[in-house]
Amino acid sequence: MSTVIQAYRFALDPTPSQESTLRSHCGAQRFAYNWGLARVKAVMNQREAEASYGVPEDERTPALSWSAYSLRKDWNQAKFEVAPWWGENSKEAYSSGLANLATALKNWGDSRSGKRKGRKAGFPVFKGKRGVLSCRFTTGAFGLAADRRHVKLPRIGVVRTCENTRKLARGIEQGTARIRSVTVSMRGGRWFVSFSVEVERNDSAPRNPDSVVGVDLGVTSLAVLSTGEVIANPRHLEVALRELRRLSRQAARRQGPDRRTRRTPSRRWLKTQTRIQRLHTRVADARRDGLHKLSTRLVREHGAVVIEDLNVTGMTKNRRLARHSAGVGMGELRRQIGYKAAWSGVRVHVADRFYPSSKICSGCGAVKAKLRLSERVYRCEHCGMALDRDRNAARNLAALVQQGPSSASCVVRLNEPDGNPHKTRTTRAAGTATGRPTRSTPHRKVTAHDTFSHVS
Ligand SMILES: [Zn+2]
């Protein structure tokens with residue numbers, strides 16, 4: 001049994017007056033955030049100017065503390081002056097804005113000093129009116145209503161939810177779930193409430209603890225497994241995508257905005273844009289739903305899951321890549337499998353970014369130098385195997401851990417140039433850490449021994 005923090009999110013159906021209170025709270029959060037940021041910036045600029053004039057350190061304007069606590073203390077002194085209307089909203093709205101600011105400032109500081117890994121965090125920017133509306137409550141009267149169709153929020157009142165809250169309600173009744181905080185937000189024109197919950201999870205081990213499954217996200221289907229199973233796209237996705245294309249054409253016929261001539265968009269164009277926006281949300285929801293069902297199924301059935309480490313940000317920027325959407329899904333699937341696997345003790349292996357899963361023959365181990373995206377079927381010149389491209393990739397991924405359990409999750413690197421795109425060359429399976437193919441044996445199988453023996 002383990003205690004994890006999980007979010008339970010429900011769509012809200014607020015009354016018009018509740019909606020205006022929700023908006024007011026989110027605006028209050030933004031106001032406090034921007035107020036704090038302006039102050040921090042002013043003091044920083046002042047100190048910088050003083051330093052350039054040669055004012056000694058102890059005579060300069062004192063530096064501001066960036067902790068949420070001191071930002072809040074400053075706000076409580078200034079609020080009568082800068083926001084005489086502060087009493088209209090819960091004080092939690094302002095606190096959450098300042099807490100977010102403190103986190104943003106800390107991330108920036110840690111990123112600059114090298115304490116924080118990953119992409120560089122920029123200095124916080126002011127929040128505009130068109131951003132995501134959100135507001136968090138950490139104290140006060142919030143929770144679920146007894147009828148399981150409403151939630152209680154401080155100052156906002158009892159708001160109806162669009163779906164039943166029983167999953168969370170049962171946990172609370174049985175004492176296995178405890179709500180820590182609640183956040184309301186508006187995305188894609190809908191209001192949501194998200195409970196941050198401490199949950200005692202008791203997941204059972206996977207059904208086949210010894211089985212290994214490789215997952216390759218497909219182009220035409222959602223995913224292809226190494227077992228040969230093809231997981232189809234969510235049911236309504238195709239219909240939604242067709243409708244999306246139709247609406248895009250419709251928008252193109254209508255008069256949009258033009259910055260150079262300062263032409264304002266027509267009402268009809270705006271109407272189509274709202275519909276497109278809503279449809280985009282629905283497509284994203286359908287995809288996420290499909291991925292959730294897939295990731296849950298994988299960790300319930302298999303003892304180890306192997307997925308690719310794709311350069312997701314790089315891929316989504318490449319518009320010509322047919323796997324655009326597959327790349328988006330891979331990042332999300334990795335995230336979901338990552339946390340769900342931890343619950344049930346499933347091992348996750350992430351194949352190296354340069355592991356050529358789709359270029360290796362899963363039958364004999366020969367590697368193709370180039371495989372065009374249009375080639376949907378993998379045909380091997382060495383053993384004559386012909387297999388669906390995605391399934392071949394999935395089988396290669398599964399083979400990475402087939403024989404070497406609990407080994408490192410990193411594998412062979414093959415940094416070969418792609419060569420002439422119009423000529424398909426065949427090289428031997430890479431077995432060296434340098435990425436140069438071995439010359440001795442003509443066709444060698446990529447065995448688990450090969451792939452793991454070169455991990456330093
Ligand atoms: Zn082959």
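This is a predicted model: local features need pLDDT of at least 70, side-chain atom pairs count only at pLDDT 80 or more; totals for chains, interfaces and linings use all residues.
Let's start in a loop. R148 lies in the loop between β3 (143-144) and β4. Its phi is near 65°, a positive value in a residue other than glycine.

R262 sits in the loop between α5 (237-253) and α6. Phi of R262 is near 55°, again a positive value in a residue other than glycine. Here the count is 7 C-beta neighbours inside 10 Å, so R262 counts as exposed.

Let's zoom out. The protein has 10 helices and 16 strands. Of its 456 residues, 29% are buried. Residues 24 or more positions apart account for 67% of them.

Next, the sheets. Seven strands form an open sheet, in the order β2-β6-β7-β1-β5-β4-β3, with antiparallel pairing. Which strands stand at the edges? They are β2 and β3. Each has a single partner strand, so one side of each is left without a neighbour in the sheet.

β2 and β6 run antiparallel and are joined by five bridges. L133 has M186 in β6 as its bridge partner. R136 stands opposite T183, also in β6. Then comes the pair β6 and β7, antiparallel over 10 bridges. There, I179 is bridged to V197 in β7. The hairpin of β6 and β7 has two residues between the strands, and in it G188 takes a positive phi near 55°.

What lies across this sheet? Helix α1 lies across β2, β5 (157-161), β6 and β7, and runs at about 85° to β2. α1 has 37 residues. From first C-alpha to last, α1 reaches 53 Å, close to the 54 Å expected at 1.5 Å a residue. Just after α1, G54 takes a positive phi of about 85°.

Helix α3 covers residues 91-113, which is 23 residues. At 1.5 Å a residue α3 should span 33 Å, and its end C-alpha atoms are 33 Å apart, so the two agree. Just after α3, G114 takes a positive phi of about 85°.

The largest nonpolar core has 37 residues. Which of them touch the most other members? A32, L98, L101, A102, L153 and V193 do. Several elements each supply at least two residues of this core, among them β1 (2-13), α2, α3, β4 (150-153) and β7 (190-201). The largest share comes from α1, with nine residues. The core also draws at least three residues from each of domain 1 (2-14 + 133-201) and domain 2 (17-113). In general, nonpolar side chains in soluble globular proteins tend to be buried together.

Leave aside its neighbours within four places in sequence, and A32 is in contact with W75, Y94, G97 and L98. There is also a second, separate core, of 31 residues. V213, V305, A341 and L400 are included in that second core.

Last stop, another sheet. Five strands form an open sheet in the order β10-β9-β8-β11-β12, and this time the pairing is mixed. β10 (230-231) and β12 (347-351) stand at the edges. Each has a single partner strand, so one side of each has no neighbour in the sheet. β11 (residues 302-308) pairs with β12 in the parallel sense, over five bridges. In that pair, A304 stands opposite R347 in β12. Helix α6 (residues 267-301) packs on this sheet, touching β8 (208-217), β9 (223-225), β10 and β11. The direction of α6 makes about 135° with that of β11.

Key: Residues are numbered from 1 along each chain as its sequence is written. Helices (H or I, at least four residues) and strands (E, at least two) are DSSP runs, numbered from the N terminus. The expected span of a helix is 1.5 Å times one less than its number of residues. Two strands pair if DSSP finds at least two bridges between them. Two residues are in contact if their C-beta atoms, placed from the backbone, lie within 7 Å. Axes are lines fitted to C-alpha atoms, for helices over the stretch in contact, and angles run from 0 to 180 degrees between N-to-C directions. A nonpolar core is a set of buried Ala, Val, Leu, Ile, Met, Phe, Trp, Tyr and Cys residues joined through C-beta atoms within 7 Å. A residue is buried if 20 or more other C-beta atoms lie within 10 Å of its own, exposed if 12 or fewer, and partly exposed in between; C-beta atoms are placed from the backbone. Domain bounds come from an automatic or database domain assignment.
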